[in-house]
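Student: I am new to this structure and would like to learn how to read it. Could we go through a helix and a ligand site together?

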Amino acid sequence: MKRIGLLTSGGDAPGMNAAIRAVVRTGLYFGMEVYGIRRGYTGLIDDDMVPMEMRSVSDIVQRGGTMLRTARCLELLTKEGQRKAVETLDRRGIEGLVVIGGDGSFRGARDLTEGWGVPTIGIPGTIDNDLEYTDYTLGFDTAVNTCLDLINKLRDTMTSHERISVVEVMGRRCGDIALYAGIASGAEIIVVPEIAFDIDDIVMRINRSRANGKHSNIIVVAEGVMSAEAFAKKLQEVTTYSVRPTTIGHVQRGGSPSMADRMLAAQFGNKAVRLLNEGVGNRVVGIHKNEIIDMDIIEAVSMKKKFNYELYETLQMISY
Ligand code: F6P
């Protein structure tokens, strides 16, 4: 392939910039022309793009957000939107497309591949870690580290006042951010969409921890269950300990990517362009058992995310 396009789509995630850099630099290495498409599929439909040079991606490996900017594009769900996107690619002579984004963005890429024959490669970029085919998505590690930093701070003040902190984290319908942030912060309880919760059981566990000498509790609630505000209200009705809600919010989406996310970005971006260079399209890249993998995009988007129940039990066995 001589000319490829690249876009970031959906919610941004730390590491997207590092992945853009890896795609551009690998493309240039192979002698390709690389076009950076702005504002995701919206920019593809509107033909808003710029040729990327070696220096276009300097000084971004450490930055959060995405230099190409991003959007959630509803127009691409329609046949008419897809037709416009394909017309832009044809007009520009772009032969392959790299899409960095989450589940919704991959469905867009799948539609372009399946319906219109556009060779696409998906790079999983979302803090949610909600794609089954890959062990980790780009941005998840940094987002969890941001949560840890804030939960550490909450623990300080909760212990001083002997309170219960209810912390809401993102993740859409997936409990992975709550699971990993809960285990790594030493939270006593996590509440995730994948497992129904019982408020009496939670109160029992809090009381048991206090009887065993704890002075505070941290409960991490995934946004897919309910808001911190609503959960704290529910809990306050059945406990005498003072409860305080905190919503971490969009802070989770920003910030300099961690080493783990920068390494994933470098490898995902590089692999995506290697595939296009070999004339292979219609794939997604990921990591499984510490190895960089690729898989058919249609198969990948049809897989249902599984929750790690063993990790959930681990939290219950070590944090009380
Ligand atoms: O998919 C990433 C994510 O941050 C989710 O965790 C969250 O539910 C959603 O995006 C928030 O979207 P927005 O930034 O459009 O409000």
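This is a predicted model: local features need pLDDT of at least 70, side-chain atom pairs count only at pLDDT 80 or more; totals for chains, interfaces and linings use all residues.

Student: How many residues does α7 have, and what distance does it reach?

Tutor: Compare the end-to-end reach of a helix with the expected one. Helix α7, residues 199-211, has 13 residues and reaches 18 Å from its first C-alpha to its last, close to the 18 Å expected.

Student: Which residues of α7 are buried?

Tutor: Buried means under 20% relative accessible area. In α7 that applies to I199, I202, V203, R205, I206, S209 and R210. They lie on the same side of α7 because they cover an arc of only 160° around the axis. The face turned away from that buried side carries the exposed residues D200 and A211.

Student: What covers the buried residues of α7?

Tutor: The cover includes the strands β6, β7 and β8, along with the helices α8 and α11.

Student: What should I look for at the ends of α7?

Tutor: Look for a cap at the start and for the backbone just after the end. D198 caps the N-terminal end of α7, with a side-chain oxygen 3.0 Å from the backbone nitrogen of D200. Just after α7, G213 takes a positive phi of about 100°.

Student: Which residues surround the ligand?

Tutor: Among them are R72, T126, D128, M170, E223, H250 and R253. The protein covers 74% of the 400 Å² of accessible area that the ligand has on its own.

Notes: Residues are numbered from 1 along each chain as its sequence is written. Side-chain values use heavy atoms; hydrogens and water are left out. Helices (H or I, at least four residues) and strands (E, at least two) are DSSP runs, numbered from the N terminus. The expected span of a helix is 1.5 Å times one less than its number of residues. Buried means under 20% relative accessible area, exposed over 50%, partly exposed in between (1.4 Å probe, protein chains only). The arc is that of the directions from the helix axis to the C-beta atoms. Contact means heavy atoms within 4.5 Å. A polar contact is a pair of N or O atoms within 3.5 Å; within protein, one must be able to donate a hydrogen and the other to accept it, and residues adjacent in sequence count only if both atoms are side-chain atoms. A residue is near a molecule or strand if one of its heavy atoms lies within 4 Å of it. Accessible areas come from the Shrake-Rupley method with a 1.4 Å probe; for residues, only the protein chains shown count as cover.
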